[in-house]
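Hello,

Here is the structure for your files. My notes on it follow below.

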Amino acid sequence: MSGRDYFIKRTVLVVTTIFVVIVINFFLFRIMPANPVDILISPTQGQEKMGIEIKEALMKDLGLDRPLYIQFIIYLKDVLQLNLGYSFRAPRPVIQIIAERLVNTLVLMFTGNVISILMAVSLGVIAAWKRGSKTDLGSLISALTLTSMPMFWVGGIMLLIFSVRLDLFPMFGVTKIGYSHPNFLSYLGDYLHHLFLPMITMALVSFGGLFLIMRNSLMDVFSEDYILTAKAIGLSERTIIFKNALQNAMLPLVTIIAIRIGFMFSGSLLTETVFSWPGLGYTIYQAVEWRDYPILQGTFLIITILVVISSFVAELIYGYIDPRIRTGASSG
Amino acid sequence: MMAGTKTALYKRRIRDFILQYKESKLGIVGLFILVFFIFVATFANNLSDHSIKPTGGILKDRFKPPSSKYILGTDDVGRDIATLIMYGGRISLLIGFLAAIISGGIGTIVGLTAGYFGGWKEDLLMRITDIVLVIPGLPLMLVLASLLGSNFWNIIFVISVIGWTGTARVVRAQVLSLKERAFIESSKAIGASDLRIIGYHLLPNVFPLIVAQMILGVGGAILSEAALSFLGLGDPSSVSWGMILHWAFAVGSLSSNYWWFIIPPGICITLVSLGFTFVGFALDQIVNPRIRRR
C-alpha cells in the first residue's frame with residue numbers, strides 16, 4: 001500500500017465514522033421510550049400542565065411531525081452549523097456550554113497524560129532493558145494493579161489522603177468559589193492548585209496501560225539485530241538507549257496514543273466527576289443526572305468527533321514518521 | 001477404539017495444559033484470588049450473621065467505624081459493610097461473567113464470519129469493528145444506559161455492546177491463519193458445508209483463545225459496571241461493589257472521612273480484576289500462538 005492509498009483509506013474511514021456517529025446520535029435519542037417533546041417539557045413538571053395544543057405546536061416547531069428522513073436532514077444541517085440546541089436546565093445554547101468547558105478537559109487530559117507518558121517511557125526503557133530485574137517486575141506489577149483499579153476510586157483515595165487527611169489541596173472545582181483574584185498570576189496559582197490532584201489521578205490511571213504497551217514494544221526493539229550489533233561493537237548502554245532504541249520507540253508511542261485517546265476521555269470523565277472539575281466529562285455526568293438530553297446528546301457528539309479526529313491526526317503522524325508507510329515499502 | 005484414543009489425547013492435552021499453567025506464578029496467584037472471592041460470594045449468607053437489609057436501629061448504628069461487631073464498620077443506614085461487600089461480590093462477579101460471555105460470543109461470531117468468508121462480509125464487519133473501537137467507551141455506555149434505563153440486563157447489554165471488538169480481531173486473525181492449513185482445504189475439497197467447517201474445525205481450534213479473551217474481559221466488565229454505578233447508572237435494587245461505592249460517595253463519605261466505607265469495596269474490585277488479568281495472561285501465554293512464538 002502506498003502512502004497516498006493509506007491516507008485516502010484512513011480519510012474515508014474517518015469521514016464514515018463521523019457520519020455513523022451522527023446517525024447513531026440522531027437515532028439513539030429517538031428510539032427512547034419517550035418523545036423528545038415529552039422530555040423537553042421536563043419529566044419533573046409533567047406535560048399535563050402544558051396542554052395538548054402546546055405539545056403539538058412544539059412538535060411542529062421542532063419538525064417532529066415530518067418524516068424521519070427529513071428530520072435527519074434537518075439534524076445534519078444543524079450539526080454542520082454547530083447548532084446543537086438548548087440546555088433544558090439553563091436556557092443557553094449547548095455549543096456555548098461545551099465551548100466553555102472544553103478548555104478544562106483539554107488542560108486536564110494534556111497535563112495528566114504528559115506526566116503519564118514521561119513515566120511510562122522512562123520506566124518502560126528501564127524495564128525492557130533489564131528484563132526480569134526487580135525494577136522490571138516491580139513496575140510490571142504496579143502497572144497491572146493500576147489498570148485494575150476503578151479510576152474514580154483512585155481519585156477518591158487521592159482526595160481522602162491529600163485533601164481530607166492532610167488538607168493540602170481543595171476538594172472540588174477549578175478555582176476558589178466567591179474569591180476574586182487581584183491579578184492573573186494569583187488566578188493561575190489557584191487554578192494549578194486545583195488542577196494538581198485531578199492531574200495526578202489522570203496520570204496514574206493512564207500510566208498502567210501505557211507502560212505495558214511501551215515495555216512490550218521496547219522489548220521488540222531491544223532484541224533487534226542492530227541493537228545487538230551496537231552492543232557487540234562496545235557502544236555504551238546510554239548511547240544505545242538514547243540514540244537508537246528511543247528513536248524507534250517513538251513509533252509505537254504515537255500508535256499507542258492514537259489507540260488510547262478514547263480511553264483518555266473515559267478516564268477524564270471519571271476524574272472530572274470525582275473532582276467536580278467542570279470539563280466535558282463532568283458536563284456529561286451532570287446531563288445524565290439532570291436528564292438534560294440536549295446537553296447529553298451534544299457533548300457525546302462533540303467528544304466522539306474529537307476522539308475520531310485526534311486518533312486520525314495521530315495516525316497521520318505515524319504514517320509520516322514510519323518510513324515503511326511513507327515510501328510504501330511494506331505491503332501490509 | 002477411536003473414542004479411546006481421543007479421550008487419551010484430551011487427557012494428555014489437559015495434563016500438558018496444567019503443567020504449563022503451573023509455570024506461571026502470576027497465573028497461580030490470580031487463581032487463588034479468584035477462588036477466594038468466588039467462595040466468599042457464593043457462601044455470603046453462611047459467612048455473615050448480619051443482614052443487608054437496613055437494621056432497626058438505623059440512627060444508632062450509622063457510620064460506625066470498624067469494630068469487633070462490625071469488622072469493616074457500617075454504612076449510612078447501619079448495614080455491616082463487610083456483609084454488603086460479600087453480597088456485592090455476587091452481583092459484580094455475575095455481571096462481569098455474563099457481560100464477558102456475551103461480548104465474547106458477539107466477538108466470536110463477528111471474527112469467525114469475517115475471517116472465514118472474507119470479501120465484503122469481512123470488509124463490512126471489520127469497518128464496524130474499527131468504528132466501535134474508536135468511539136470512546138464510557139461516554140457511549142453512559143448515553144446508552146441513561147436512555148435504556150439502568151437495570152441488571154441493560155447494564156450487561158451496554159457493557160457487551162462495546163466489549164466485543166478485541167475478541168473479534170483476535171478470532172479473525174487466528175481464523176485467517178487456520179484457513180490456509182491443509183485440513184481445512186481438504187474438508188472443503190470433499191464438500192463439507194461452511195457450517196460444518198466452522199463448527200467442527202475452526203471453532204474447536206479458536207476456542208482456547210476465546211476463553212482467554214473472555215477471562216481477560218471479566219475484569220474489564222467489573223470495572224465498567226463499577227464506573228456506571230458510580231456515575232449513578234447502576235441498578236439501584238441490587239448491591240454490587242460499584243453500588244456500594246456509589247452510596248459511599250453520594251452520602252459524602254469523602255469529606256466526612258468515612259474511609260471504611262470507601263477503601264474496602266475498591267480493594268475488592270482491584271483484587272478481583274487483577275486476578276482475572278493474571279489468569280487471563282497466563283492462559284493467553286499458553287494458547288495464543290502470537291505470544292508463544294516470542
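A crossing of two helices is called left-handed if the near helix is turned anticlockwise from the far one by less than a right angle, and right-handed if clockwise. By that rule, α12(A) passes α6(B) in a left-handed crossing. Please keep in mind that this is a predicted model.

The axes of α12(A) and helix α6 (residues 137-148) of chain B come within 10 Å and cross at roughly 155 degrees. Angles over 145 degrees count as roughly antiparallel, and α12(A) and α6(B) are therefore roughly antiparallel to each other. On the α12(A) side the residues that meet α6(B) are A:L296, A:F300 and A:I303, and their counterparts in α6(B) are B:P139, B:V143 and B:S146. Sorted by class, this helix pair contributes 5 nonpolar residues, 1 polar and no charged ones.

As for the whole contact, 35 residues of chain A and 33 residues of chain B take part. On the side of chain A that touches chain B, two or more residues each come from α1 (3-28), α6 (134-148), α7 (151-165), α10 (237-274), α11 (280-290) and α12 (293-321) of chain A.

One separate item concerns A:H181, which sits in the loop between α7 and α8 (184-222) of chain A. With 14 other C-beta atoms within 10 Å, A:H181 is partly exposed. Leaving aside residues up to four places away in sequence, A:H181 touches A:S186, A:Y187 and A:D190.

Regards

Note on methods: Residues numbered from 1 in each chain as written. Chains lettered and ligands numbered in written order. Predicted model: local features only at pLDDT ≥ 70, side-chain atom pairs only at ≥ 80, totals over all residues. Contact = placed C-beta atoms within 7 Å. Helix = DSSP H or I, 4+ residues; strand = E, 2+ residues; numbered from the N terminus. Axes fitted to C-alpha atoms, helices over the stretch in contact; angles between N-to-C directions. Parallel < 35°, antiparallel > 145°, perpendicular 65-115°, else oblique. Nonpolar A, V, L, I, M, F, W, Y, C, P; charged D, E, K, R; others polar. Buried ≥ 20, exposed ≤ 12 C-beta atoms within 10 Å, placed from the backbone.
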